[in-house]
Amino acid sequence: MAAALLLLAAAALLEPAAAVWPQPQSQRSPPGGGRCPLPPRRFRFSYAGGSAVGPGCAVLEAAFQRYWALLFAAARPTENEPPWGVPCTQLLVFVATPGCDEFPSLDSKESYQLSISEGSALLLADAVWGALRGLETFSQLVGRDENGTYYINETEIVDFPRFPHRGLLLDTSRHYLPLRAILETLDVMAYNKFNVFHWHIVDDPSFPYESVTFPELSKQGAFNAMTHVYTASDVQTVIEYARLRGIRVIAEFDTPGHTLSWGPGAPGLLTPCYLGKDPSGTYGPINPILNSTYQFVSSLFKEVGTVFPDFFLHLGGDEVDFTCWKSNPKIRAFMKEMGFGEDYKKLESLYIQRLLDIVASLGKGYIVWQEVFDHAVKLRPDTVVHVWKASSPPYAEEMANVTKAGYPALLSAPWYLNRISYGQDWMAAYQVEPLKFEGSTEQKDLVIGGEACMWGEYVDVTNLTPRLWPRAGAVAERLWSNATVRDLQDAYVRLADFRCKLLGRGVQAQPLFVGYCENEFGGV
C-alpha cells in the first residue's frame, strides 16, 4: 500500500512534456528550461541542407505525415499563433547516409540526436531508421499548455538502442487476428521503438497463410479458408507497413512439431500414429524418414524465403512429441537401420539438420527455439538460439550455455505477456536484466536482444491491445535504454504518462494502477 501511495505521489510531480518512453540514453535540458511554441498551421517537417535523403524518401515522407497528424490533429483550423516566445516552425531532419528503399535489418543504424533550442529544432541521424526513432521521441516531447498552445521544451537528446533485436511475437494460428489488428499493433510497436515483428503465423490449430505453391494448406488448414486467411496481398501489406516504421517482419513456420494444421492440405507429410499394429487415424509431427518430406519442405521454404525479405526465418523446432514416432513401425525400423537405438532426439536432429541445410541453401539465416540447441543438433555458427523456457534449466543458465557455445542468443523466457496476473505485472518484466548470467564479455556481446511474446490461446482481436499495452512497453525500455535505467518509481511515472499518450493516439492501453488521463479513451 505504501509503495502504491509513493507511485501516486510521484505521478503528481510529472512534467508530461519531458517524459520519453523508452528513456533515451542521454537527455539534458538547460537550467531554467525554456520552451519553444509550435504553431500547428505553420509547422513542417523538413530536410536539412546536405542531408543524404530528401523529398521523395518514402520512409520519411510517410512518417512526416503520420507524426504531423498525431501531434496536431486536434488543432483547430483557426488556431491562433502562439502568444509568447520565438516559435519552432519546423523540425529539420538531417540523415547522413542515403537509402530509403531498403528493408531494415539486424545491422540497421537507429541512433539519432535531437536538439531543441529557442526557435530551432534539429534531428540528426545516421540512417532513415534512426530518423524514425527520433521523430517518435520528438512527438512524445510535444505538450499543450492551459491555453491550448502547443510547445516543446528545450532539450538535447543523444540516443541509440542497447540491443539491435527488440521484438514482439504475435500468434495468428490459435486465434486469427484481422489484418487491421496486426497493422495497429505495428503502429504501437513503433511508438515503443520495437523493431522486429515475429509473426508466428501457423501452428497446430490453423494454417492461415495462403501459399501460392501449396494452396491446399490454407484451404484445408485455416479455420475458414475464405475469411480467416492472410492472402499474398495481406502479407505484402504487413511487410511494407512494417518497413515504413523501421520494423522487420520475421516469419515463423515451426516444424517438425506444431504442424497438425498442415496435414489435411499435405497428404503424406505428417507421421501416421499407431495403436499396436494398426494406424489409429491420428497424426503426429512431420514424417522425417521420407524423401517426399524434404521435397515439400524445400518448396515451401523457397516460397517463404522469397515472400519474406528479412535475412532471417524462424524455424521453430520446439516441443516435438516423440510418442507418435515411437508408435510407427516404419519409423522404428528406420531408427534401427540408422543405429539410433531408442534416442528419438537423433531422429529429430536428422530432420532439423536437413531443414537447416535447405534454408541455408536459400541464402537465409535462421532462428531456432532452444530445444534445437539443447538436443545437440549440429548448427551453423551464426544460428540464433531463442531462449523461451523459464526453468529446467533456469533461463540465465541457458543463456550462459548458448553463448558459451558461441551462438547469438535471443531472450523471451521472462517476457511471455500472455501470462497475466492481478496487479502490476509489468514490473517483473521491467526488472529483468538480459545479461545477468555467468559469462565473459564476449558471451554477453552475443546477446542480440529479446522478444515479448503474446501467445494466442486466450487472446484474439477483442483483448489483444489492452493485454499488450502498456505492459510490452516494459520490455521495450529494457531492450532500448541503458542498463542503468532501472528505477521502478521513475518508470511508473513515465509509463503512466506514456499510456495516457497512447490513449490520445486511439490505443486502448490498459491502466497501470489508480488514476486518470487528461484525455481518456474515446473522450470524456
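Angles under 35 degrees count as roughly parallel, over 145 as roughly antiparallel, 65 to 115 as roughly perpendicular, and the rest as oblique. The model is a predicted one, in which local features need pLDDT of at least 70 and side-chain atom pairs count only at pLDDT 80 or more, while totals for chains, interfaces and linings use all residues. Residues are numbered from 1 along each chain as its sequence is written, and side-chain values use heavy atoms, with hydrogens and water left out.

**First selection: two helices**

Select helix H4 (residues 179–191) and helix H6 (residues 232–243), whose axes come within 10 Å and cross at roughly 10°. H4 and H6 are therefore roughly parallel to each other. Axes here are lines fitted to C-alpha atoms, for helices over the stretch in contact, and angles run from 0 to 180 degrees between N-to-C directions. Helices (H or I, at least four residues) and strands (E, at least two) are DSSP runs, numbered from the N terminus.

Next, display the side chains: Leu 179, Ile 182, Leu 183, Leu 186 and Asp 187 of H4 meet Asp 234, Thr 237, Val 238, Tyr 241 and Ala 242 of H6. Contact means heavy atoms within 4.5 Å.

Move to strands S5 (112–117) and S6 (120–125), with Gly 119 in the loop between them. S5 and S6 pair in the antiparallel sense over six bridges; two strands pair if DSSP finds at least two bridges between them. Leu 114 has Leu 123 in S6 as its bridge partner. Two residues separate the strands of this hairpin, and Gly 119 in the turn has a positive phi of about 70°.

How exposed is Gly 119? Gly 119 is partly exposed, with a relative accessible area of 32%; buried means under 20%, exposed over 50%, and partly exposed in between (1.4 Å probe, protein chains only). Leaving aside neighbours within four places in sequence, Gly 119 is in contact with Cys 36, Val 86, Pro 87 and Cys 88.

Finally, select helix H9 (residues 329–338), where Ile 331, Phe 334 and Met 335 are buried. The buried residues of H9 pack against strand S13 (270–275), helix H8 (323–327) and helix H10 (344–361). On the face turned away from the buried side, look for the exposed residues Lys 330, Lys 336 and Glu 337.
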